[in-house]
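Please study the structure shown below.

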Amino acid sequence: MPKQHIIENKYPTLRKPLSQQKNEKSTITLRERTNISNISSLLISNEIPLNTLNNNIINNQENLPPKYISSHNVNTRALRKNNIDDIDNQNILNRPSRDMTERIEDNFQDFDFNNNNTLLSDDFSFPLIRPNSLTMSDNSSNSDDDNTDGVNFTQITSDSKKYYDVDSILPGYTGDSGPYFPSLTAMWMFIWFTKNSIGTHAYHELVKIIRHPKFKADEVPYSVTTLKKIHKGLPLLPFTGKIEIWHGDLWKESPLFGETSIVINDVTFKAGEWIEYKEFHDQHTLNRVGRITGIVMIDESLPDRFFRIQTTRTFYELPGTLKSKERYQRLQLHNELWLEEIRSTIKIQDLIRHVNVWIKDDNTPRLPTFEFSIQEIIYTFNGRQKIRHVSLRHKLPIEYISAPQLPSDMKELQNGIPMMIKDEQVWISAGFGMGTADLPQGNDMAGIKRHNAEYGCRTCKVSQSQLSDADFDIFQNGRYHHLTSRIYDEIKTARNGTTKKNIAQEHGLCLNPNILDDLARDRHLQTPQDPFHCLAGLARRLLDHLFNHELERSGLDALHSTWLIFEMPRNWKRIQSPITHLDSYWMSDSLRLVMIMPFILSRCLNTTQLKQCFVITVKNNFELTNSRQVKAVIVKTWSLFARLCAKVFANVFHKSDYQALDQLVIKLTRILNKIYPDMITTLPNIHVLRHLPLIAATYGTLQNVSVSLKEMMHGLRYVIDNGYDARIPEGGGNCIRSILKDEQLICLLEGWYISVPAHHITRLEEYNTVEQEQENVIEPPQECFFNIRVHKKWNTKRIEKEGFVKKISNEIQKNLYEAYRHYLNKETAISFKTLEYYDAISYTIIKEDNVDISIHVGEVIDIEDDGTKNREYALIRGIFTHQANDYKKYAFFILDWYYDTGRIDDLTGCRIYGLQESKDVLWPHIHSFHIVDRNPHVHFVHNCKANCTNEHKTNNLEYLRNEFFYLAV
């Protein structure tokens, strides 16, 4: 049912979705008067009637930008003292209302708090007391401030003072913190809270920590770096999640993880052998030659086995540019074939026979008899087909996994040991699969010098001067295990230490082999580059360059203002402004910022806000006709980088994705060379990107080799969940577990990745879920749904604000009846007419693993369409419960659907969607909650136009689907 057409207009008229509702922003007004000496002279004189005062003062103030009001010189005559109350009643001083004071935080985001004049010139909390007297200037003209982008304060002199709009109430505190603050501590906390835009929950947690009886101020670390170093002392969290590494080439072909032989008609076929097989192409059958790389299953539910084949080409299948006379002669002399790096899968019944193939590398002697020979590999590089020698290849695991010299226990395990499992003896073997590490440590594991060496890449032999060269052939110049082993043999047999060092330096190798070389492994293939550290490090470099070398101060202010009102994904934790707090960002925070940076820059960036030297560089390198085109270049570059990150961390890779990833890397590398030629020339992160497509094909996905889990696993869950740390003596204490027993501090674990889902925490009164859950037991629509809870009930004011009604109208009744009928098979009349609205709903779905779902109003969900099987998207405008005739409560969503307009945004390249209006009944709005079977993981951004400022225009219902959005950690 989710997105079916509706013929009759039977739906209630609802307001716009939450993301489009406009909230009026209250402001604190500041008025500056010159030559003011005593306020009493203004209050005493009343020769000018109040209603004859210059109305333009108020009108002009209303037309000025929010937050500040320009100064005016007002010529007044004496006012009678007995009219003071009248002046107060007319609010001539425009004192702020209570709502304005409560929302004061919104108006100080752009303030320079290091400027003493600024601190003296604004109202941070309570209104100032009125001065006793003032004298007005004789100048009767009104002078509007020409600076509409910020505050224009005049210089304070002995005869010129500033006065704030005031309220009738003065806090009247005494002491060092008076008259506005009860204490210096309160003042400091207020300034820190306002300046850094601290969230309410974060502030409450800080207060609980500070007020804890065991808190000691002298033990608080001064630096964030100290807190990060603490992570190194914590134990790692054992990872138990399911990652499908079996889709990668290495696991499919390794004899340690699968079958290596199969018997067909009393003939044994083994991995590594050459065969002739049938290939069906365009209704024709061709006999081809290939090499068995593994024996696999396509579907685990079926017993059928398939051969995984490395294919070959004949001379006549080579591109015309590669059909040389020399190769033709080799074809005539040795019946030569050309090896491909492509793998294909064939059925067992398509196999014909064994064939003998001579691989003409340096280590393979000529066979006495052979039918075919192979001397070269044909491969694709930068979209072109090229040739390299067959020795420059990664050998199959079956070629190097044999009987190495191992420590006794590892040797015994790799060779295999018998074990009893379920009263049955089975043969168990294990071996080295993969070693993951970031850039320096990964080089150590591969026996390669660090990345600052001349040849510091552990996957290929690229020099420092070629790190950013998009045309450098990483396959022709790759590192291959058997060739590196040969160099180590040469080092070992060298006559003296100097010769050994020279050989090692020439090839970028460590002087001595790594201890892991005693294991049966491919040191280069099985020590892959880490995409997480690579991309997070590159993101930090680009962000730092953006803030410090590209944007002028006006550009930083515009970016910061856009950042504050940007529609962040609901499931993100609050992160502070990157302009001021980039150094405190985790790597995952930097990657999250990359996901939204294209949209932020698209909204706020103006060429005039860029430094001219940078504009000239980009304009010249891209051969642009005018400087205004630079913005498009910058936004498209960030969009390309964000798209690359999303592709790298994709959960699933298809065959075409590997080629798409390679094309993205090449394109991004070329663009970065033009924009940041000096920064990326010797940046190893840029070069590491070149190896990601091959690593993805080898290991299935790049998530399987990412060290992103290290950032998360150096957490507390291991020691909180009663994990055992071998470094601590048995019976030793663990102070971290005490948090679980502390009613004041347990809130520190709520909503964090180390805690259970938030809706399972019921210890603290502030969450008040125990009583709520007893009252709001929701009936499960299916047996696999349980623990269904609604949270944060709306009051009548909130219901009316969102445009809903508590009593069911005729239109809502028709729609609710249809939802009951379709989802719950209930076709009885609706007797109970009251709806209860909530902010969130949580539930658990029983699958192979239980899935905890948490949905909030304002989030975007994706649902599989019953007919097309495509994913459809909808905005959750409301969550309500209704008591049916069986006296049980059921939960429902109110949805507005997104629809694809078929258009693409020029700058970001994202698809443009329209949002269904509340009065539009083309698709139903009311649905049972159980249509959502997974947590929200999509993000939509408003497609802002020129008339969008702080609030999105309600008549613009276009949104961009954030195609760069993914789970960073």
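The following text considers ring pairs and then charges placed over rings.

This is a predicted model, in which local features need pLDDT of at least 70, side-chain atom pairs count only at pLDDT 80 or more, and totals for chains, interfaces and linings use all residues. Residues are numbered from 1 along each chain as its sequence is written, and side-chain values use heavy atoms, with hydrogens and water left out.

A pair of aromatic rings is described by the distance of the centres and the angle of the planes. Rings of Phe, Tyr and Trp (its six-membered ring) pair if their centres lie within 6.5 Å; planes under 30 degrees apart count as stacked, over 60 as edge-to-face and the rest as tilted. The whole structure holds 32 aromatic pairs. In one of them, the centres of Phe 315 and Trp 338 are 6.1 Å apart and the planes stand at 50°, so the pair is tilted. Both Phe 315 and Trp 338 are buried (under 20% relative accessible area, with a 1.4 Å probe and protein chains only).

Phe 649 and Tyr 966 form a stacked pair, because their ring centres are 5.3 Å apart and their planes at 20°. Phe 649 is buried at 5% relative accessibility, and Tyr 966 is buried at 10%. Elsewhere, ring pairs join Trp 794, Phe 804, Tyr 820, Tyr 837, Phe 880, Tyr 890 and Phe 892 into a cluster.

A charge sits over a ring if NZ of Lys or CZ of Arg is within 6 Å of the ring centre and within 35 degrees of the ring normal. The charged end of Arg 388 lies over the ring of Tyr 379, 4.7 Å from its centre.

Definitions and conventions
Buried means under 20% relative accessible area, exposed over 50%, partly exposed in between (1.4 Å probe, protein chains only).
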